[in-house]
Amino acid sequence: MYTFQIYTSGTDVKHIMPISDTARHGQQLYQDNNCVACHQFYGLGGYMGPDLTNVISNRGEPYARAFITAGSARMPNFGLSTAEIDALLTFLAFVDQTGTYPLENYSVSWIGSVAQVDDPQ
Amino acid sequence: MISDDPSFGGLRFMQLGMVALAIGMLFGVIGGFQFLFPEFLQELLFTKTRPMHVSMVIASIFLIAIGGIYFYLPRQCKLALFSVRAVSWHYWIFLTTGLAIIACYLSGKFGGREYFEFPPILSLPIFLSWIMFGVNYFKTVRQDKKPWPVYYWMWGTGIVFFFITYTESHLWLIPYFRDNMVREIMVQWKSYGALTGSWNMLVYGTALYIATRISGCDKYARSKLAFSLYFLGLFNLMFGWAHHTYFVPSETWIRTFAYFVSMTELYIFGKIIWDWRSSLEDWQKNRYCNAYRFLIAADIWVFVNLGLALIISVPAFNLFTHGTHITVAHAMGSTIGINMMVLLASVFYVIREELPNEVHANCSRQLRFGFWTANISLAVFFSALILAGIGKGVYDGASFQEMMTGIRPFLLAFTLSGVSMMVGFWIILWHGFRLMGKIIAPVRLSAAQAA
């Protein structure tokens, strides 16, 4: 029952726009280049680079595009084509709308639990 | 070569596990240097070294634990293996798949999933070999008509749940899961948490088996406390994963369900070993001094990791520790301090049983040196990760590069202690590998003569 809940209503996030084919392609590129080795979504993944959950809304698409296109001291240039970079950015924008990480507006109860004030759920 | 000697396969698994661990640690050290100096060994990107490190170390846990089970059942529990040949097949499938995974990593072909960064097609032989292992295990232990000791239950549960959770970790291949980012992450981390619980079942079962054998008394393996540990571990395995996902926007009750769950398992495990330790006579401690030493180290690391786990499972603290190196300290502290110490206890228990005088006569000083080097280094390593995690936890999100520069001294301490820890473990592993080879040699010879 618990597992079924997680597979269905427990993770049925209504506000998320359906994923597009371009975002799906970006998701595949994210995996093919093993981006998880260095980056995180919701704090889950590698630690070499920053968390990317809200990179689009916090830094803007041009900022993310510049890093993916040219690389940096800590990140290699993966030699992606413009279409691939667009797809990757579309995927990051898709992830961005799923929620906020790290939390910005929250309250802590006396038992130590945390409630997100602007929880999209 | 396929030997019909029932104990041969288990020893080969353990040897391969030691090799995987030694190589996995080397890639961990390379990754540590790349963390500090991104231009270090640029041909071997961090996207390759990290999965090499993670996969090799996880493989070593499975290999040594599985090897112990394949060895203990026929050799000491006096249960004839259902199929000796299936053990060989299991070994060769594991080895061949492992080599294919390494080739994929080095050539840059990834599946890109945390923990399992290889193409998912390579999971098929892993599934196949696991089914063989499961059938072989249950068909073997069912010969024992008496009530099972707790370690049989733990091993069996670990086998079944690995199959279930490994399957679950591949649900992302189905668009229904993959297209919903929140569901995708929740199911992924649910499966990973439970998967870790499944290998903990294999490792804790091994620890209780060795403790029982060293004390020469079966009561720990049949005690209420041991079965409490088992049921609690099972509960934990199913529900204790959610502290990874407190801040993924799923239903609130799912996010907070495991708040208290994951705290209890380690405590009881620690208590059992502690009680067992105080019950031992000096001659028993001396006779199995290496296995005993590793088990006690595991027990101490249980308490250290328990303290950290308690803190990071409180959502108010998790808010600052999640996604930082404190999580890495928790993962590595548990993997190295608990799992590896227990599995090395298993290796040296086998060596003590099969070659009673070899360790004392030849390498007890080197082993002691390796043991203390590894453990002191692990303490520094663990502390450095916590300090680096605090540095990242208070990071305000402004400049990632500045934050990384700020925690650089801790990362330097982490990397250097990683080097000395690797040296300590290599000394231990070299002697373990070498001595296990001495056990295998006559078995191999007699099998060849029989052929």
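In this predicted model, 42 residues of chain A are in contact with 42 residues of chain B. The points below cover the interface, each chain in turn, and a few backbone details.

**Interface between the chains**

- On the side of chain A that touches chain B, the elements giving two or more residues are helix 1 (2–7), helix 2 (21–32), strand 1 (40–41), strand 2 (44–45) and helix 5 (82–96) of chain A.
- Helix 2 of chain A gives the most to this side, with three residues.
- By class, the residues of chain A on this side are 25 nonpolar, 13 polar and four charged.

**Chain A: overall**

- The order of elements along the sequence of chain A is α-α-β-β-α-α-α-β-β.
- Taken along the principal axes, the C-alpha atoms of chain A fill a box of roughly 50 × 30 × 25 Å.
- Chain A has 121 residues, of which 35% count as buried.
- For contacts in chain A between residues at least 6 apart in sequence, 53% join residues at least 24 apart.

**Chain B: overall**

- Chain B has 451 residues, and 53% of them count as buried.
- Of the contacts in chain B between residues at least 6 apart in sequence, 80% join residues at least 24 apart.

- Helix 1 of chain B covers residues 8–36, which is 29 residues. The distance from its first C-alpha to its last is 43 Å, close to the 42 Å expected at 1.5 Å a residue.
- Helix 1 of chain B is largely enclosed by the rest of the structure, because 22 of its 29 residues are buried.
- Helix 2 of chain B covers residues 46–75 and has 30 residues, so at 1.5 Å a residue it should span 44 Å. The end C-alpha atoms of helix 2 of chain B are 43 Å apart, which agrees.
- Helix 2 of chain B is mostly covered, with 28 of its 30 residues buried.

**Chain B: helix packing**

- Two packed helices are described by the angle between their axes and the distance between the axes.
- Helix 5 (residues 150–168) and helix 8 (residues 224–239) of chain B pack at an angle of about 10°, and their axes are 10 Å apart. This angle makes helix 5 of chain B roughly parallel to helix 8 of chain B.
- Helix 5 of chain B makes this contact through Val150(B), Trp153(B), Met154(B), Thr157(B) and Phe161(B). From helix 8 of chain B come Ala226(B), Phe227(B), Tyr230(B), Leu234(B) and Leu237(B).
- The contact of helix 5 with helix 8 of chain B has nine nonpolar residues, one polar and no charged.
- Helix 12 (residues 289–312) and helix 14 (residues 325–354) of chain B have axes that come within 8 Å and cross at roughly 160°. Helix 12 and helix 14 of chain B are therefore roughly antiparallel to each other.
- The crossing of helix 12 of chain B past helix 14 of chain B is left-handed.
- In the contact of helix 12 with helix 14 of chain B, 20 residues are nonpolar, six polar and one charged.

**Chain B: Leu171(B)**

- Leu171(B) sits in the loop between helix 5 and helix 6 (175–178) of chain B.
- Leu171(B) counts as partly exposed because it has 17 C-beta neighbours inside 10 Å.
- Leaving aside residues up to four places away in sequence, Leu171(B) touches Phe177(B) and Val187(B).
- Leu171(B) and Ser191(B) are 20 residues apart along the chain, and their C-alpha atoms are separated by 9.6 Å.

**Backbone details**

- Most residues other than glycine have a negative phi, and most peptide bonds are trans.
- Asn34(A), which is not a glycine, has a positive phi of about 55°. Asn34(A) belongs to the loop between helix 2 and strand 1 of chain A.
- Asn34(A) is buried, with 26 other C-beta atoms within 10 Å.
- Leu41(B), also a residue other than glycine, has a positive phi near 45°. Leu41(B) is in the loop between helix 1 and helix 2 of chain B.
- Leu41(B) is partly exposed, with 14 other C-beta atoms within 10 Å.
- The peptide bond from Tyr101(A) to Pro102(A) is cis, with omega near -5°. Pro102(A) lies in the loop between helix 5 and strand 3 (106–108) of chain A.

Definitions and conventions. Residues are numbered from 1 along each chain as its sequence is written. Chains are lettered from A and ligands numbered from 1 in the order in which they are written. This is a predicted model: local features need pLDDT of at least 70, side-chain atom pairs count only at pLDDT 80 or more; totals for chains, interfaces and linings use all residues. Two residues are in contact if their C-beta atoms, placed from the backbone, lie within 7 Å. Helices (H or I, at least four residues) and strands (E, at least two) are DSSP runs, numbered from the N terminus. Ala, Val, Leu, Ile, Met, Phe, Trp, Tyr, Cys and Pro count as nonpolar, Asp, Glu, Lys and Arg as charged, and the others, Gly among them, as polar. Axes are lines fitted to C-alpha atoms, for helices over the stretch in contact, and angles run from 0 to 180 degrees between N-to-C directions. Angles under 35 degrees count as roughly parallel, over 145 as roughly antiparallel, 65 to 115 as roughly perpendicular and the rest as oblique. A crossing is left-handed if the near helix is turned anticlockwise from the far one by less than a right angle, and right-handed if clockwise. The expected span of a helix is 1.5 Å times one less than its number of residues. A residue is buried if 20 or more other C-beta atoms lie within 10 Å of its own, exposed if 12 or fewer, and partly exposed in between; C-beta atoms are placed from the backbone.
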